Amino acid sequence: KRPTARLAKLWADAVALQRAAAAIAVRPGADDDLRFTTAAGHCGEAADEIQRAYPDVFRTVGVPTLAEDFARLSTVEATERLLAAIAAVIHDFGVDNPGLLPTDMLAAGSAATWLGLAHYAMSGRLP
C-alpha cells in the first residue's frame, strides 16, 4: 500500500526538518543546551510515525533541501526559518483530506505532535 501524496510529503518535510535541525546543531556554540539535537530527534520521530505505517514511503517522495538552504544563513536566521518551517508544515497538512484512512490520520497526528515538540524544544513555545 502507498501513502497519500500529502502524507508522503509530511514524511519528507519531517526528514528535511530533522536534517536542518541537525545541521544547525553542529555549528560551533549553537547547541550547548542541546535544543537543536533534541529538535532533530523529535523531527525524526515525526518521520518515523509515518514510516511505521508506510515502510517504503521514502520511495514515493523526495526530501526538500532545507539544511542546504539554511547553511548560508546565520544561526539566528536559520533558527527563525526552521521554527517557521515547522509551524508551516503542521499548518499545511489537512486532516480533512477524504483520501486519508483512520490510520493515516493517527500517523499524521502523531507526527504533528512530535513536530510541535521539536518547535517547543527550540523556542520554548508551541507553534
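Predicted model: local features only at pLDDT ≥ 70, side-chain atom pairs only at ≥ 80, totals over all residues.
Visitor: Why is Ala 5 called exposed?

Guide: Ala 5, a residue of helix α1, has a relative accessible area of 64%. Exposed means over 50%, so Ala 5 with its 64% is classed as exposed.

Visitor: What makes α1 and α4 roughly antiparallel to each other?

Guide: The two helices pack at an angle of about 165°, and their axes lie 11 Å apart. Angles over 145 degrees count as roughly antiparallel, and α1 and α4 are therefore roughly antiparallel to each other. The crossing in which α1 passes α4 is left-handed.

Visitor: Which residues of α1 and α4 meet?

Guide: From α1, Arg 6, Leu 10, Asp 13, Leu 17, Ala 20, Ala 21 and Ile 24 take part. They meet Thr 75, Ala 78, Thr 79, Leu 82, Ala 85, Ile 86, Val 89 and Asp 92 of α4. By class, the residues of this contact are 10 nonpolar, 2 polar and 3 charged.

Visitor: How do you know that the reach of α5 is close to the expected value?

Guide: Helix α5 spans residues 102-123, 22 residues in total, and reaches 31 Å from its first C-alpha to its last.

Visitor: Which helices do the buried residues of α5 pack against?

Guide: They pack against α1 (5-25), α2 (35-53) and α4 (75-92). The buried residues of α5 include Asp 104, Ala 111, Leu 115, His 119 and Met 122. Just after α5, Gly 124 adopts a positive phi of about 80°.

Conventions
Residues numbered from 1 in each chain as written. Heavy atoms only, no water. Helix = DSSP H or I, 4+ residues; strand = E, 2+ residues; numbered from the N terminus. Expected span 1.5 Å × (residues − 1). Buried < 20%, exposed > 50% of the residue type's maximum accessible area, 1.4 Å probe, protein only. Contact = heavy atoms within 4.5 Å. Axes fitted to C-alpha atoms, helices over the stretch in contact; angles between N-to-C directions. Parallel < 35°, antiparallel > 145°, perpendicular 65-115°, else oblique. Left-handed = near helix turned anticlockwise from the far one by under 90°. Nonpolar A, V, L, I, M, F, W, Y, C, P; charged D, E, K, R; others polar.
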